[in-house]
Amino acid sequence: MKRIGIAVTDPGDWTAIALNDALVKASVRPVVFRLHDVTTSIQEHNRIYAGNTDLGSLDAVIVRDVGGAGGVGVIGSDAGSSSVGLGGGGSAGVGGDAGSSSVGLGGGGSAGVGGDAGSSVGLGDGCGGSEDMPYRLDVLCNLERSGLKVVNPPEAIRTAANKHMCSYLFREHGLPTPDTVLTSDMDVALAAIRDWGRAVVKPIFGFKGMDIHCVVDDEHSVKLLRSVIDTRGVLYLQRFISNPGRDIRVFVVGGDVPSAIYRLAPPGSWINNLSRGGSHEICEVTGEIAGMAVEAAGAVGAVYAGVDLIEGEDGLQILEVNGTPSIRGIYEACGVNVAQDIVKCVLDMV
């Protein structure tokens with residue numbers, strides 16, 4: 001019988017349970033472990049284990065999420081998704097979009113870690129902070145290096161959390177995405193805003209729609225932008241895309257699209273995140289939606305992903321890719337159990 005690991009922060013997470021059940025249904029033995037519980041022994045031989053389980057003996061690992069120290073501040077709770085990115089310099093926010101969470105590590109300062117449940121814990125890399133998060137990513141990299149199939153690959157998880165890299169890769173692959181400028185120069189930032197008329201400023205490692213602002217060329221926006229530069233060291237600006245007050249979350253698994261939902265902004269808001277009061281409804285998956293989402297997931301190297309699209313005046317554009325998304329929202333809106341698709345995809349690989 002094959003043995004497939006499920007890397008989690010919280011074994012009671014809805015998505016983790018769904019993956020466990022899908023593996024059992026497929027006559028596979030699930031091995032659930034927390035990355036916090038992993039030990040690496042570098043002695044006569046390299047060995048990576050959690051409890052009594054030698055992780056190198058597994059047939060594959062499905063990464064539900066990459067959690068922080070001791071599982072404190074649950075990363076990627078039932079309603080959302082999680083992913084991990086590394087930020088250099090001062091500090092980085094942690095989280096994903098639309099009821100999701102991801103992790104950003106500040107190279108010399110600190111990083112905030114957000115979970116959908118509202119709990120959080122600060123992590124830093126250096127300067128007295130925690131080295132827990134980069135170690136967890138290294139564990140996944142070393143398991144992959146040993147020949148174990150890891151889904152999603154750690155590099156894809158890292159890339160998907162980084163809005164800068166996602167935007168860069170989308171454009172590099174010729175995919176439609178909002179015009180974007182990253183800079184620490186106020187003159188460059190204001191020139192872009194004047195050109196676009198309206199812009200959105202986001203954290204590179206953002207979560208739950210927090211710290212996202214719509215800015216124009218006025219005194220209030222200038223003060224806001226200066227504050228962001230002082231806090232984060234760099235501005236991530238995107239052209240504001242006029243839209244019908246909703247975006248689209250598309251689920252991709254192994255090049256297929258099981259389902260998609262609209263996420264609708266609450267009255268009086270332009271932010272569509274479910275965690276910010278948004279609602280969801282079923283979205284018909286057209287060939288254009290499916291093709292664009294599959295290409296976006298492929299651009300970051302993700303086997304499975306939640307891809308966010310926006311309907312603009314010039315057509316669909318890609319906002320971001322979530323590398324360890326929850327599947328609960330899709331199930332509740334559409335009745336589609338994506339865990340079964342993920343498990344089938346992984347089993348086809350091994």
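These legends walk through several close-up views of a predicted model.

**Figure 1. The whole protein, with its confidence in view.**
Of its 350 residues, 54% are buried. Among the contacts with a separation of 6 or more, 62% are between residues 24 or more positions apart. The average pLDDT is 82, and 76% of the residues score at least 70. Two stretches deserve a careful eye. Over residues 69-129 the pLDDT stays under 50, and the model has 221 contacts beyond four places in sequence for this stretch. Over residues 272-277 the pLDDT is also below 50, with 27 contacts in the model beyond near neighbours in sequence. Where pLDDT is low, the predicted coordinates should not be read in detail.

Helix H9 covers residues 338-349, which makes 12 residues. From its first C-alpha to its last it reaches 17 Å, close to the 16 Å expected at 1.5 Å a residue. The buried residues of H9 are Val338, Ala339, Ile342, Val343, Cys345 and Val346. Seen down the axis of H9, these buried residues fall within an arc of 160°, so they line one face of the helix. On the face of H9 turned away from the buried side, look for the exposed residues Lys344 and Asp348. The N-terminal end of H9 is capped by Asn337, which places a side-chain oxygen 3.1 Å from the backbone nitrogen of Ala339.

Most of H3 is covered, with 7 of its 8 residues buried. The buried set in H3 consists of Pro154, Ala156, Ile157, Arg158, Thr159, Ala160 and Ala161. Now turn to the loop between strand S12 (149-151) and helix H3 (154-161), where Asn152 lies. The peptide bond from Val151 to Asn152 is cis, with omega near -5°.

**Figure 2. Ser27, a residue with positive phi.**
Ser27 sits in the loop between helix H1 (14-25) and strand S2 (29-34). Although Ser27 is not a glycine, it has a positive phi of about 60°. The relative accessibility of Ser27 is 53%, so this residue counts as exposed.

Strand S18 (residues 256-264) holds Arg263. With a relative accessibility of 1%, Arg263 counts as buried. The side chain of Arg263 makes a polar contact of 2.7 Å with that of Asp247. A further polar contact, of 3.3 Å, joins the side chains of Arg263 and Asp308.

Glu311 belongs to strand S20 (residues 304-312), and at 18% relative accessibility Glu311 counts as buried. A polar contact of 2.7 Å links the side chains of Glu311 and Arg246. Beyond residues up to four places away in sequence, Glu311 touches Ser242, Asn243, Pro244, Arg246, Ile248, Tyr262 and Leu316. Ser242 itself lies in the loop between strand S16 (235-239) and strand S17 (246-253). At 37% relative accessibility, Ser242 is partly exposed. Leaving out residues up to four places away in sequence, Ser242 touches Glu311, Gly312 and Glu313. The C-alpha atoms of Ser242 and Asp314 are 9.6 Å apart, although 72 residues separate the two along the chain.

Cys283 is buried, with a relative accessible area of 3%. Cys214, on the other hand, counts as partly exposed at 27% relative accessibility.

Definitions and conventions:
Residues are numbered from 1 along each chain as its sequence is written. This is a predicted model: local features need pLDDT of at least 70, side-chain atom pairs count only at pLDDT 80 or more; totals for chains, interfaces and linings use all residues. Side-chain values use heavy atoms; hydrogens and water are left out. Helices (H or I, at least four residues) and strands (E, at least two) are DSSP runs, numbered from the N terminus. The expected span of a helix is 1.5 Å times one less than its number of residues. Buried means under 20% relative accessible area, exposed over 50%, partly exposed in between (1.4 Å probe, protein chains only). The arc is that of the directions from the helix axis to the C-beta atoms. A polar contact is a pair of N or O atoms within 3.5 Å; within protein, one must be able to donate a hydrogen and the other to accept it, and residues adjacent in sequence count only if both atoms are side-chain atoms. Contact means heavy atoms within 4.5 Å. pLDDT is the predictor's confidence in each residue, from 0 to 100.
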